[in-house]
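Trainee: I would like to learn how to read the features of a model such as this one. Could we take them one at a time, with the general idea placed before the case?

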Amino acid sequence: MPEFLYGHWAVIEAMRSRRRQLDSLMIHERADKRGSIGDALTMADEINLPVQRVQRRILDDLAKGGNHQGMALRVGGYPYCDLEDILATAARRDEKPFVLLLDLLKDPQNVGALIRVSDAVGVHGIVIQERRSVAVTPAVVNASSGAVEHSQVAQVPNLVAAMRQLKQNDVWLVGLDVGANIPPLDKTDLNMSLGLVMGSEGEGLRRLVRDTCDLLLTLPMRGAVGSLNVATAGAIALYAAWSARSWQGWAHA
C-alpha cells in the first residue's frame, strides 16, 4: 500500500536514501521554489521524480493534521529488515552490536525521537514488535526527521523471542527501568555487545521482557518528579552507551 510522507526532512531523507519505491512529489500549488520547497524540487529533478502541484487541503488531508510544510511524497511501504541484518551490519563495521529494542511503544513522537537519536549514536538497528506497537508510519518518519529512512528496523512477531535470539548471539540485554535497588546507569560499563530495552509509555517494561533482560539499570534523579519521558530517558542511555564505546565512529559521522 502506498504511503504519504510529509514535512521537509521526511521527504528529503526518503529521496536521499531511495530505499523505498518513490512515486511522486506533491507540492503546494502556490509555494515558491525557495527554501525547503526548492530543496525538494531540486532533488526530485535529480532523480527524475514526477512533481504535482496540489491544493493545500489535499496536503492537509494526506498529513492528517501534521506539519507538512507544503509538501508530501507518495512512497511504497517501509522496508523492514531481519534481526540477522542488524547483526550483519555490526559485523561488517567490525563493531560490537548496538541495538535498541522498544517494548510496545505507542506514541509516534517517542518512537521517532528515539530513532533519530539512534541514528546519531550509530545504533546498528531498532527492534519493534509487530502487534500492539507503533509501526514505522509517516508520523514516525516525520518525528525522526527522516532518520528512519536510513535506519534498519526489524519488526518481529514476538519481542521476547527476538531478545532470546540476540542473547544466543552474545548480545547483553540491558533494560532501563525505575524502582528501588536498581543500579544507576553510570555504575555499569556499557562497552559491550548491547541491546538496550526501553519500556512503553506509562507501563514500562512488561514482566517477561524485564525477566529476559540480563540486567536492569535506572537513571538517577534528584528532582520532585520520579521519571522521565521514554524518549528523553532513552536518549540519555543511548549517548551513555556511545560514550562508553569512546565515541566509536565519530570521525566518520
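Mentor: Let us start with burial. A residue is called buried when its relative accessible area is under 20%, exposed when that area is over 50%, and partly exposed in between. Please keep in mind throughout that this is a predicted model.

Trainee: Is Cys 81 buried or exposed?

Mentor: Cys 81 has a relative accessible area of 12%, and because the limit for burial is under 20%, Cys 81 is classed as buried. The residue sits in the loop between β4 (71-75) and α4 (83-92).

Trainee: Which residues does Cys 81 touch, not counting residues up to four places away in sequence?

Mentor: They are Ile 86, Gln 152, Val 153, Ala 154 and Gln 155. For a distance in space, take Ala 120: its C-alpha lies 19 Å from that of Cys 81, and the two residues are 39 apart in sequence.

Trainee: Where does Gly 77 lie, and which residues is it in contact with beyond its neighbours within four places in sequence?

Mentor: Gly 77 is also placed in the loop between β4 and α4. With those neighbours set aside, Gly 77 contacts Met 1, Glu 3 and Arg 20. Gly 77 has a relative accessible area of 40%, so it is partly exposed.

Trainee: How should I read a nonpolar core, and which members of the largest one touch the most other members?

Mentor: The general idea is a set of buried residues of nonpolar kinds, joined through their side-chain atoms. In this structure the largest such core holds 57 residues, and the members that touch the most others are Met 15, Leu 25, Leu 73, Leu 100, Leu 102 and Leu 238. Helix α9 (residues 230-244) supplies the largest share of this core, eight residues. Apart from it lies another core, of 20 residues, which includes Cys 81, Val 99, Val 209 and Cys 213.

Trainee: What surrounds Leu 25, leaving aside its neighbours within four places in sequence?

Mentor: Its contacts are Val 11, Ala 40, Leu 41, Ala 44, Leu 49, Pro 50, Val 51, Gln 52, Ala 72 and Leu 73.

Trainee: How many disulfides does a search of the whole structure find?

Mentor: The test is one of distance between cysteine sulfur atoms, with a cut-off of 2.5 Å. The search of the whole structure finds zero disulfides. As for Cys 213, its relative accessible area is 9%, so this cysteine is buried.

Trainee: What is the volume of the second largest pocket, and how does its lining divide by class?

Mentor: The second largest pocket has a volume of about 340 Å³. Of its 20 lining residues, Leu 176, Val 178, Gly 204, Ser 227 and Leu 228 are the closest to the centre. The lining of the second largest pocket has nine nonpolar, eight polar and three charged residues.

Trainee: What should I note about the backbone of Arg 132?

Mentor: Arg 132 has a positive phi of about 65 degrees although it is not a glycine. It is found in the loop between β6 (125-129) and α6 (138-143), and its relative accessibility of 52% counts as exposed. Trp 247, another residue other than glycine, has a positive phi near 55 degrees. Trp 247 belongs to the segment after α9 and is partly exposed, at a relative accessible area of 38%.

Key: Residues are numbered from 1 along each chain as its sequence is written. This is a predicted model: local features need pLDDT of at least 70, side-chain atom pairs count only at pLDDT 80 or more; totals for chains, interfaces and linings use all residues. Side-chain values use heavy atoms; hydrogens and water are left out. A nonpolar core is a set of buried Ala, Val, Leu, Ile, Met, Phe, Trp, Tyr and Cys residues joined through side-chain atoms within 4.5 Å. Buried means under 20% relative accessible area, exposed over 50%, partly exposed in between (1.4 Å probe, protein chains only). Helices (H or I, at least four residues) and strands (E, at least two) are DSSP runs, numbered from the N terminus. Contact means heavy atoms within 4.5 Å. On a 1 Å grid over the protein atoms alone, a cavity is a set of points where a 1.4 Å probe fits but cannot get out, and a pocket is an open set with protein on both sides within 12 Å along at least five of seven lines; lining residues have an atom within 4 Å of a point. Grid points are joined across faces, edges and corners, and a volume is the space filled by probe spheres set on the points. Ala, Val, Leu, Ile, Met, Phe, Trp, Tyr, Cys and Pro count as nonpolar, Asp, Glu, Lys and Arg as charged, and the others, Gly among them, as polar.
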